[in-house]
Amino acid sequence: MISKNDVKYVASLSRIHLKDEEVQALTQDLERILGYIKNLEKLDTSHVEPTSHVLPLKNVFREDIIKPSFSQQEALKISVEQQNGFFKVPKIIE
Amino acid sequence: MTPNTLTAHAILDLIKQKKLSAKDVFASVSAQIQKTEKDVHAYATIFDAPQIQENAAVPIPIAIKDNICIKGELTTCSSQILSGFKPPYDATVIQKLKASGAVFTGHANMDEFAFGSSTETSYYGPTRNPWNLACVPGGSSGGSAAAVAANEAIWALGSDTGGSIRQPAALCGVVGLKPTYGRVSRYGLIAFASSLDQIGPITKDITDAALLLNIIAGHDEHDSTSVDLPVPDYTKALRNDVKGLKIGIPKEYFIEGIDPQVKKSVFDAIAILKKCGATFEEISLPHTEYAVSTYYIVATAEASSNLARFDGIQYGLRRKPDHIRKTPLIDLYEETRDIGFGTEAKRRIMLGTYALSSGYYDAYYLKGLKVRTLIKKDFDEAFKKVDAIITPTSPTTAFKIGEKTNDPLSMYLSDIYTISANLSGIPAISIPCGLSKDNLPIGLQIMAKPFDEEMLFRIGFTFEQNK
């Protein structure tokens, strides 16, 4: 039902570089879990509305006023790598 | 004097009578940690010399699950990918606890990103059940429940996405409450599945759970899913009286797979509540058998999206690739995430990504959301007839460490009784109701209508007084 290539494809969508033995194990695990989940097919849901959230949520607006926030220095304290007051990341554009 | 063995309400009484100081309480908790932590391993991080305000309203030592942000304290979701992460802000529940003078003992161990039912997937290694060190404490808030059960904290906060407060509370013999979705702010709770997650109390008795919910509940402008409803004084619901209440027993919850001792213990509790004047009737929640499947679609889909932010760019772990496979940036993402996430986290991210991916979205994710509607409707119908529903919290008592680690599906099925409350957003509590012949705790689950936590406290308190 789910092939090793499917697993490799989903891993690349998930931005995870899997080792070969991980691909093997995950293929088996996902196969079993998806097999179990198949029980939902027994239910006719053609006339059922989906529920993504249990509360009747509406957009929440507030006045556009300036409130205290982190300084650049404070925000960068958690950074892995920084340079000249910015997060340092690998080169993106050649 | 061992104040660490007392409930918070007993401690607060003694402090009021000047028979005990906040310092004594913390010292006894600290001494207990010194004594039993090497066996139990309830904590991911133990904090250095926390502040104790002697005249504070509630100077109670509390363990906080490792996925709730405390400013300047290591907060990692017990995952390597957040190694070194010290949040620059407090979660709203932490601000509220600080304002009450609570004393933070440490960050409690958990399943990595709350993915698990046994606390075995923690990067820091498993927590052990204080009742039997060969057994798991349940999960994912296993460290929080074990800390309270081992008297290494008076209170704890956990988070519950599919039973992660209630199931470990049941397996460790303590009280665990999942409030109604929206009752407690999730601001500063590192998200697993945003439509299911709630923070809640883990305590030694019902009165303490009410006291702690009083502190943490309420609307928060930082969480648009927190509900703007008044917060009652939950201690007023602590009445030894269930006369006239109608309680439902869902027939789908007492089927094969349930440990006969668990079943007996729950029915013994039902008999006690009957004597106290409650009436019981069998009800049906017909879509129960679909709850686990629905949950593992909805929760993993949300998790795969929420965990996309952990990519080695801003904070936490960063793994620089040795050589370029794709591009320097993508390699950094992919290798950081390969090393940073454990096996169960990868499994769930993959499952969720698959369920959301093109070609499978309708068959899995959308299907899951539709069945979620049916499960929620089961409860809406049931609560037209009854005031509350009683079930076991977990089909079994604590299982052995390692027993289910190689069988993810059997691990997922240990949440079979707790998942539906998250899918339908209702409040649910687990309270201790007995011991097995192996001397392991059994938990009773009570569920009520949205925002009727008072019903849980009333029934729970009556049971506690009469058991």
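Mentor: A:Arg15 is buried, having 20 other C-beta atoms within 10 Å; a residue counts as buried with 20 or more other C-beta atoms within 10 Å of its own, exposed with 12 or fewer, and partly exposed in between, C-beta atoms being placed from the backbone. This is a predicted model, in which local features need pLDDT of at least 70, side-chain atom pairs count only at pLDDT 80 or more, and totals for chains, interfaces and linings use all residues. Residues are numbered from 1 along each chain as its sequence is written, while chains are lettered from A and ligands numbered from 1 in the order in which they are written.

Trainee: What phi does A:Arg15 have?

Mentor: Most residues other than glycine have a negative phi. A:Arg15, although not a glycine, has a positive phi of about 55°, and its place is the loop between α1 and α2 of chain A. Helices (H or I, at least four residues) and strands (E, at least two) are DSSP runs, numbered from the N terminus.

Trainee: Where does B:His41 lie?

Mentor: B:His41 is in the loop between α2 (22–40) and β1 (43–46) of chain B. B:His41 also shows a positive phi of about 55° without being a glycine, and is buried, with 21 other C-beta atoms within 10 Å.

Trainee: Which peptide bond is cis?

Mentor: Most peptide bonds are trans. The bond from B:Gly139 to B:Ser140 is cis, with omega near 10°; B:Ser140 sits in the loop between β3 (103–108) and α4 (142–149) of chain B.
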